Amino acid sequence: MFQRLLRTGLVTAYINSAAFTCINRTFTIGESVAKMSLDQAKKIAAFKAVDEYVKNDTVVGVGSGSTVVYAVQRLAERVKTEGLKLVCIPTSFQARQLIIDNGLVLGDLEQNPKIDCAIDGADEVDADMVLIKGGGGCLLQEKIVASCADQLIVIADYTKNSKKLGEQYKKGIPIEVVPMAYIPIRNRVAAKYGGKLNLRMAVAKAGPVVTDNGNFILDWHFPEGDFDWDAVNRDIMMIPGVVETGLFVKMASKAYFGLADGSVTERAA
């Protein structure tokens, strides 16, 4: 009976135990396979970037997000096996904890204002190497660290590789704003460029997401069309109350995209 269900690709699970409960969930076998492929794609991209760009006696910017977890894992492995001497600069609370938990040397921009390379993920990368970042809410510190680095190296899985922004990533461009100004900023961006701006709401708390810097985030679902993202970014940054945008223009040096077949494709600026 179970084998017949497997052949159809559907399984209805009725599991009750002390560890967990799964009641009447119907799912496809391909779900876990797809997730494994994405995780593996993230890992191979992160490992290759760390192996090719991180050298001994350097300062490394450590980005935020799920793909960066694998980069920090590889950094820790190389420190242990090769005896690399590194100082790691975090871009968020998450990145700081990853550095500490993996026994790496934690630094800051006061003592290390010049970074050799920053390794970070992206929500989307277009054909011109313009990035959307900030899906995890860490865009401000990510951009600060990237701006201090000689090279920004992007690591991602194949779903982040697009010809145009918005082709695959549908959550919009994050704009970090001072809380008191979110309504005027929302109205001004929508009036000039169109689309819709949503105040990002928290999941485990009532009310909006609050960044590591105490700000709100507006997610701009921009309309279809051709944009000069450099000009758009500069224009939005001129609005009083805007702290930073998730548009990273002319910042990335190289991007590594892990593919489902286990290979890695690269793109240089």
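Modeller: Happy to! Let's start with E124, which sits in strand β6, spanning residues 124–125. Keep in mind that this is a predicted model. E124 is buried, yet it has no salt bridge. The nearest side chain of opposite charge belongs to K170, and it is 6.8 Å away, whereas a salt bridge would need the charged atoms within 4 Å.

What does the side chain of E124 reach instead? Another is the backbone nitrogen of Q168, at 2.9 Å. Leaving aside residues up to four places away in sequence, E124 also touches V130, L131 and I132, along with K160, S162, K164, L165, G166, E167, Q168 and Y169.

The largest nonpolar core has 26 residues, and V54, V62, L75, L104 and I119 have the most contacts inside it. Elements giving two or more residues to this core include the helices α2 (30–53), α3 (66–82) and α4 (93–101), and the strands β3 (58–62), β4 (86–90), β5 (115–120) and β8 (149–157). Of these, α3 gives the most, with six residues.

Not counting residues up to four places away in sequence, I119 touches A49, V50, V54, G61, V62, G63, V68, A71, I153 and I155. Apart from this core lies another, of 23 residues, with V189, F222, W229 and I236 among them.

Technical notes
Residues are numbered from 1 along each chain as its sequence is written. This is a predicted model: local features need pLDDT of at least 70, side-chain atom pairs count only at pLDDT 80 or more; totals for chains, interfaces and linings use all residues. Side-chain values use heavy atoms; hydrogens and water are left out. Helices (H or I, at least four residues) and strands (E, at least two) are DSSP runs, numbered from the N terminus. Buried means under 20% relative accessible area, exposed over 50%, partly exposed in between (1.4 Å probe, protein chains only). Lys and Arg count as positive and Asp and Glu as negative; His and the chain ends are not counted. A polar contact is a pair of N or O atoms within 3.5 Å; within protein, one must be able to donate a hydrogen and the other to accept it, and residues adjacent in sequence count only if both atoms are side-chain atoms. Contact means heavy atoms within 4.5 Å. A nonpolar core is a set of buried Ala, Val, Leu, Ile, Met, Phe, Trp, Tyr and Cys residues joined through side-chain atoms within 4.5 Å.
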